[in-house]
Amino acid sequence: MGKQAHIQLEKMDHLTKAIIVGDPKRVTIIASCLENVEKLSKNRGYISIKGTYKGTPILVVSTGIGAPSTAIVVEELINIGIDTIIRVGSCGAMQHRILLGELIIPTGIVRDEGLTKKYVPSNFPAIANETLLNLAQLYAPKANFGITRSHDGFYMEDNAKNEAFWSHFGILGADMESSALYVLASLKNVRALSILNNVVLYEEDLNEGVNNLVNEEEMVALGELKSIKLALKILHEVDSKHV
Ligand SMILES: O=P(O)(O)O[C@H]1O[C@H](CO)[C@@H](O)[C@H]1O
Ligand SMILES: O=c1cc[nH]c(=O)[nH]1
């Protein structure tokens with residue numbers, strides 16, 4: 001397959017592992033943890049670089065916010081031969097015990113976004129790849145593992161009510177992209193995992209929490225670095241594909 005319409009990348013030799021991030025600024029932070037970094041493309045907010053981590057080639061691409069934009073990136077990454085994808089993202093906690101900068105790693109996800117329903121019925125599960133999940137459990141035993149929720153409406157009036165509803169069932173946190181990644185990965189037979197840094201305490205004002213990320217508040221910035229290092233370690237250690 002040739003150059004992909006949105007990410008503007010084509011198949012590259014030996015490049016099968018990728019990190020996706022929502023915020024394009026995170027691409028630069030990840031670049032600082034890699035060697036042999038090369039800038040690749042910049043199109044519509046989809047920024048990409050490649051580099052190596054302890055010799056393992058890694059591609060890093062930003063998705064922007066939301067499931068549709070993420071699905072475009074995931075589809076195009078698969079088209080260019082990527083078979084292992086880790087989302088390094090941020091999320092809001094849905095349990096009081098989860099502190100800022102703690103990692104939340106979805107084992108399964110409540111599909112409260114619209115995009116994946118265009119692919120499969122809503123009773124199809126969004127689940128993490130077992131191989132990647134086992135490595136995450138090995139390298140980050142203190143992370144919060146469990147079910148999360150992906151949603152579409154950052155500013156909905158009923159957010160607090162919906163979060164209280166799902167929090168009651170033990171849902172750990174919320175983001176907007178992970179369920180799209182998990183569902184597409186299952187459908188297309190590639191491996192996927194999300195590693196989320198908690199940037200908002202449960203029942204804290206959403207805007208204030210996300211601004212903390214913009215201001216690089218210390219706990220949150222450390223959590224982000226922890227999420228990046230974990231993703232790189234997993235991608236380095238995992239064998240080249242077998243789903
Ligand atoms: O920090 P990223 O990876 O963008 O993730 C989270 O932050 C955005 C909302 O502020 C949404 O994309 C949400 O999923
Ligand atoms: O609460 C939050 C924080 C970040 N991203 C979300 O989707 N929700």
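Reader: Is the crossing of α3 and α7 right-handed or left-handed, and what makes it so?

Author: The crossing of α3 and α7 is right-handed. A crossing is right-handed if the near helix is turned clockwise from the far one by less than a right angle, and left-handed if anticlockwise. Helices here are DSSP runs (H or I, at least four residues), strands likewise (E, at least two), numbered from the N terminus.

Reader: What kind of model is this?

Author: This is a predicted model, in which local features need pLDDT of at least 70, side-chain atom pairs count only at pLDDT 80 or more, and totals for chains, interfaces and linings use all residues. Residues are numbered from 1 along each chain, while chains are lettered from A and ligands numbered from 1 in the order in which they are written.

Reader: What is the mean pLDDT of the protein chain?

Author: The mean is 94, and 94% of the residues reach 70 or more. pLDDT is the predictor's confidence in each residue, from 0 to 100. For the complex, the predictor gives an ipTM of 0.96 and a pTM of 0.95.

Reader: Why are α3 and α7 called oblique to each other?

Author: The axes of α3 (residues 130–139) and α7 (residues 218–237) come within 10 Å and cross at roughly 125°. Axes are lines fitted to C-alpha atoms, for helices over the stretch in contact, and angles run from 0 to 180 degrees between N-to-C directions. Under 35 degrees counts as roughly parallel, over 145 as roughly antiparallel, 65 to 115 as roughly perpendicular, and the rest as oblique. Therefore α3 and α7 are oblique.

Reader: Which residues make the contact of α3 with α7?

Author: From α3 come Leu 132, Leu 135, Ala 136 and Tyr 139; from α7 come Leu 230, Lys 233, Ile 234 and Glu 237. Contact needs C-beta atoms, placed from the backbone, within 7 Å. By class, six are nonpolar, none polar and two charged. Ala, Val, Leu, Ile, Met, Phe, Trp, Tyr, Cys and Pro count as nonpolar, Asp, Glu, Lys and Arg as charged, and the others, Gly among them, as polar.

Reader: Which residues are closest to ligand 1?

Author: Gly 22, Gly 89, Ser 90, Asp 175 and Met 176 are the closest of 11. A residue is near a molecule if its C-beta atom, placed from the backbone, lies within 6 Å. The shell around ligand 1 has five nonpolar, three polar and three charged residues.

Reader: What gives the most to the shell around ligand 2?

Author: β5 does, with three residues. The shell divides into seven nonpolar, two polar and one charged.

Technical notes:
Two residues are in contact if their C-beta atoms, placed from the backbone, lie within 7 Å.
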